[in-house]
Amino acid sequence: MGRRVVLGLLGLAGLGIALGSKANSALSSVAANDPTGLTGLIPGGGRFRFYSVAGAVEPTPLTEYRLRVDGEVERPTEFSFTDLAAMPQTHMTKDVQCVTGWRVPDVAWGGVLLSDILAQVVPTDAARALEFGSADGVYTESLTLEQAQRPDMLVATHLEDEPLSHDHGGPVRLYVAPMYFYKSLKWLDRITLTTAVEPGYWEDLGYDVDAWVGRSNGRDDAPTV
Ligand SMILES: Nc1nc2c(c(=O)[nH]1)N[C@H]1C(S)=C(S)[C@@H](COP(=O)(O)O)O[C@H]1N2
Ligand SMILES: [Mo]
């Protein structure tokens with residue numbers, strides 16, 4: 001991503017704050033005109049900004065929700081929301097850090113560890129990475145299998161002890177705690193195990209695939225937060 005795009009994003013950040021109090025539908029229509037997806041603060045969400053590169057995304061009713069896990073696995077599986085709720089629940093309170101600079105400290109997340117899902121589907125010997133797909137049909141993300149096994153990688157269903165809202169990528173999103181927030185794909189509906197890392201949406205535009213906070217994206221000299 002070039003300098004001009006970054007400056008554009010900063011300009012839009014101001015616009016986003018101005019729109020912060022508008023209703024959901026207003027957010028979505030602005031998002032449709034804004035390819036960066038940076039449109040404003042999430043109403044009632046207080047400290048977060050709303051991002052969607054796809055603009056308006058159709059909400060998925062809980063009963064219809066499915067997480068498909070396929071590719072290099074011994075047991076391809078479709079998890080309903082009830083299936084996920086029946087698995088061991090993991091909670092962690094950690095920071096959110098967007099690569100454009102905004103940060104939300106001490107966010108309480110809840111959901112299922114990615115490693116618990118991997119244990120159920122059993123990666124094949126050839127599996128090396130995970131590709132994540134979104135119900136928005138556009139956004140993708142990736143992790144190496146090794147990264148995905150860490151204890152701070154969550155398939156998140158709860159935020160601040162509430163069910164994850166649609167604006168935040170609910171009913172189910174990824175939360176990749178140690179990396180910049182663009183790794184935390186919203187509206188998660190597919191995990192495909194692959195033999196190599198498939199760079200995601202922002203990575204194709206120049207952001208780092210290994211997006212460790214404070215140690216990537218040109219911030220290698222910055223103190224780790
Ligand atoms: N599907 C999808 N996931 C996404 C994005 C997006 O545009 N689409 N934006 C990413 C970026 S850059 C950020 S900062 C966070 C924002 O999450 P929030 O809208 O819950 O604050 O979502 C990440 N996940
Ligand atoms: Mo971001």
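Colleague: How many residues surround ligand 1, and which are the closest?
Modeller: This is a predicted model, and the description that follows rests on it. In it, ligand 1 is surrounded by 21 residues. The closest of these are Arg49, Val53, His168, Arg173 and Lys186.

Colleague: Which strand supplies the largest share of the shell around ligand 1?
Modeller: The largest share of the shell amounts to three residues. These three come from residues 49–51, which form strand 2.

Colleague: Which residue has a polar side-chain atom 3.0 Å from a nitrogen atom of ligand 1?
Modeller: Several polar atoms may be considered in turn. An oxygen atom of the ligand lies 3.1 Å from a polar backbone atom of Tyr51, and a nitrogen atom of the ligand lies 3.5 Å from a side-chain N or O atom of Ser134. The distance of 3.0 Å, from a nitrogen atom of ligand 1 to a polar side-chain atom, belongs to Asp136.

Colleague: What percentage of the area that ligand 1 exposes when taken alone does the protein bury?
Modeller: Taken alone, ligand 1 exposes 530 Å². Of that area, the protein buries 99%.

Colleague: How many helices and how many strands does the protein have?
Modeller: The protein has 225 residues, of which 51% are buried. Its secondary structure includes 12 strands. The helices number five.

Colleague: What share of the contacts between residues at least 6 apart in sequence join residues at least 24 apart?
Modeller: The contacts in question are those in the protein between residues at least 6 apart in sequence. Among them, the share that joins residues at least 24 apart is 62%.

Colleague: Why does Leu118 count as buried?
Modeller: Leu118 lies in helix 4. Leaving aside neighbours within four places in sequence, its contacts include Pro123, Leu130, Leu145 and Leu193. A residue is buried when its relative accessible area is under 20%. Leu118 therefore counts as buried, because its relative accessibility is 3%.

Colleague: Is Ser184 buried or exposed?
Modeller: Ser184 is found in the loop between strand 11 and strand 12. Leaving aside neighbours within four places in sequence, Ser184 is in contact with Arg173, Leu174, Tyr175 and Val176. Because its relative accessible area is 3%, Ser184 is buried.

Colleague: Which peptide bond is cis, with omega near 10°?
Modeller: Most peptide bonds are trans. With omega near 10°, the cis bond is the one from Gly170 to Pro171.

Colleague: What is the phi of Glu160?
Modeller: Most residues other than glycine have a negative phi. Glu160 is found in the loop between strand 9 and strand 10, and with 34% relative accessibility it counts as partly exposed. Although this residue is not a glycine, its phi is positive, near 50°.

Colleague: Is Asp161 buried or exposed?
Modeller: Asp161 also has a positive phi, of about 65°. Its place is in the loop between strand 9 and strand 10. Because its relative accessible area is 66%, Asp161 is exposed.

Colleague: What distance separates the C-alpha atoms of Arg219 and Val99?
Modeller: Arg219 is found in the segment after strand 12. Not counting residues up to four places away in sequence, Arg219 touches Val99, Tyr180 and Gly214. Arg219 and Val99 are 120 residues apart along the chain, and their C-alpha atoms are separated by 9.6 Å.

Notes: Residues are numbered from 1 along each chain as its sequence is written. Chains are lettered from A and ligands numbered from 1 in the order in which they are written. This is a predicted model: local features need pLDDT of at least 70, side-chain atom pairs count only at pLDDT 80 or more; totals for chains, interfaces and linings use all residues. Side-chain values use heavy atoms; hydrogens and water are left out. A residue is near a molecule or strand if one of its heavy atoms lies within 4 Å of it. A polar contact is a pair of N or O atoms within 3.5 Å; within protein, one must be able to donate a hydrogen and the other to accept it, and residues adjacent in sequence count only if both atoms are side-chain atoms. Accessible areas come from the Shrake-Rupley method with a 1.4 Å probe; for residues, only the protein chains shown count as cover. Helices (H or I, at least four residues) and strands (E, at least two) are DSSP runs, numbered from the N terminus. Buried means under 20% relative accessible area, exposed over 50%, partly exposed in between (1.4 Å probe, protein chains only). Contact means heavy atoms within 4.5 Å.
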